[in-house]
Every structure is written in structure tokens, then in C-alpha cells.
Amino acid sequence: MSTSSGDDLTTIRVDQFLPHPPAKVWRALTEPGLLARWQMPGSEDFRLEVGHRYRMTSVPRPNAAFSGVVDVQVLAYEPERMLCVRWADADPVNPADWTITWTLEQEGRGTRLFLVHEGFDPDDPAQSMARTVMSEGWRSHVMRALGQTLDQL
């Protein structure tokens, strides 16, 4: 897995190879029962439908201005290729309003999964902290949990 932050402090980029075909990875990204295994609680309410909204919960992080509650909206998708969602903190006082895009590309017998998490404000200390915390979280927790879910299918 590689990550790239470069000089763009508004975005997190993760590039992960998964030894599973795109159809299997797509299932893990879009089937509510599978999402519930590796994403935040509430992801079981996901529906692959543009405009669909649901709510996920996690641990509040006051130092990153995060209430622990994320309102999610499905923005776009291309089956087995791309999924784009909006994540916004449910507390309107908190500035989190991000776009997360998953892109899948077949690579040999596996899948190259690209994650782009955009919308961080580098001039806001809480947003900078959120970016640092989430960058590590995507790499150390989320991708590992996704891989474990795929291995069990």
C-alpha cells in the first residue's frame, strides 16, 4: 500500500492492492452487510442509490472538531469501478464536509483500490488534525479491516 500526501494538504490519497477481483471488492464496498464488517456502525444502512442518505457513528474527537456522527450521502457510482460519497459531521458547528471516492482498477487477478478523501481545510488546525488522524486510520485500520473482510468471502 502506498499513501501520498505530497503538498496537497486538502486531500488524503491511498493506493492499495487487494488480491481479490474487482467484483468482490465492489461487493465489500457496496453491500450493507459487508460494509458493516469494516466501516463505522451505521454503514449497514447504505444503499447503492444516488442521493441516498444514512448516518454512521464513531468515537468523538474534539481535538479534530469531530462529533463522532457522520451524515453520508451517495453522490455517484459506476458499478465495479467507482463509488463517491459525501461525509459531513452531523454537528453543523464542526467544519467536516468531505468527499470520499473509491476507484477500482483490475490489476492481474486482483484489484488496485484508490481512495481519495478530499475537502480538508489546511488553514483550520482542527481540520489539519482530522487529516492526520484519518490518514493514519485509512491505512492502519480501514484498509486492514477491508482486506480481512475480503479474505473471509
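1. Strand β2 (residues 11–18) runs antiparallel to strand β7 (residues 110–118), the two being joined over eight bridges; two strands count as paired if DSSP finds at least two bridges between them. R13 stands opposite V116 in β7. Six of the eight residues of β2 are buried, so the strand is mostly covered. Here buried means under 20% relative accessible area, exposed over 50%, and partly exposed in between, with a 1.4 Å probe and protein chains only.

2. On provenance: this is a predicted model, in which local features need pLDDT of at least 70 and side-chain atom pairs count only at pLDDT 80 or more, while totals for chains, interfaces and linings use all residues. Residues are numbered from 1 along each chain as its sequence is written, and side-chain values use heavy atoms, with hydrogens and water left out.

3. The protein has three helices and seven strands, and from the N terminus their order is β-β-α-α-β-β-β-β-β-α. Helices (H or I, at least four residues) and strands (E, at least two) are DSSP runs, numbered from the N terminus.

4. The C-alpha trace spans about 45 × 35 × 25 Å along its principal axes. The radius of gyration is 15 Å, which agrees with the value near 15 Å for a compact globule with 153 residues. That radius is taken over C-alpha atoms, and the globule rule is 2.2 Å times the number of residues to the power 0.38. Of the 153 residues, 46% count as buried.

5. The model has seven salt bridges, a salt bridge being a side-chain nitrogen of Lys or Arg within 4 Å of a carboxyl oxygen of Asp or Glu. One of them joins R86 and D97, with 2.7 Å from N to O. R86 belongs to strand β5 (residues 82–89) and D97 to strand β6 (residues 97–107), so this pair ties together parts that are 11 residues apart in sequence. R86 is partly exposed at 28% relative accessible area, and D97 is partly exposed at 37%.

6. R27 and E31 form another salt bridge, their closest N and O atoms being 3.0 Å apart. R27 has a relative accessible area of 36% and is partly exposed; E31, at 31%, is partly exposed as well. The side chains of R47 and E49 also meet in a salt bridge, at 3.4 Å from N to O. R47 is partly exposed at 44%, and E49 is partly exposed at 39%. D15, E107 and R112 are linked in a network of salt bridges.

7. The largest pocket has a volume of about 520 Å³. It is lined by 18 residues, of which M40, S58, M134, G137 and V142 are the closest to its centre. Helix α3 (residues 125–152) gives the largest share of the lining, seven residues. By type, the lining divides into 13 nonpolar, four polar and one charged; Ala, Val, Leu, Ile, Met, Phe, Trp, Tyr, Cys and Pro count as nonpolar, Asp, Glu, Lys and Arg as charged, and the others, Gly among them, as polar.

8. On the pocket criteria: on a 1 Å grid over the protein atoms alone, a pocket is an open set of points where a 1.4 Å probe fits, with protein on both sides within 12 Å along at least five of seven lines, and lining residues have an atom within 4 Å of a point. Grid points are joined across faces, edges and corners, and the volume is the space filled by probe spheres set on the points.
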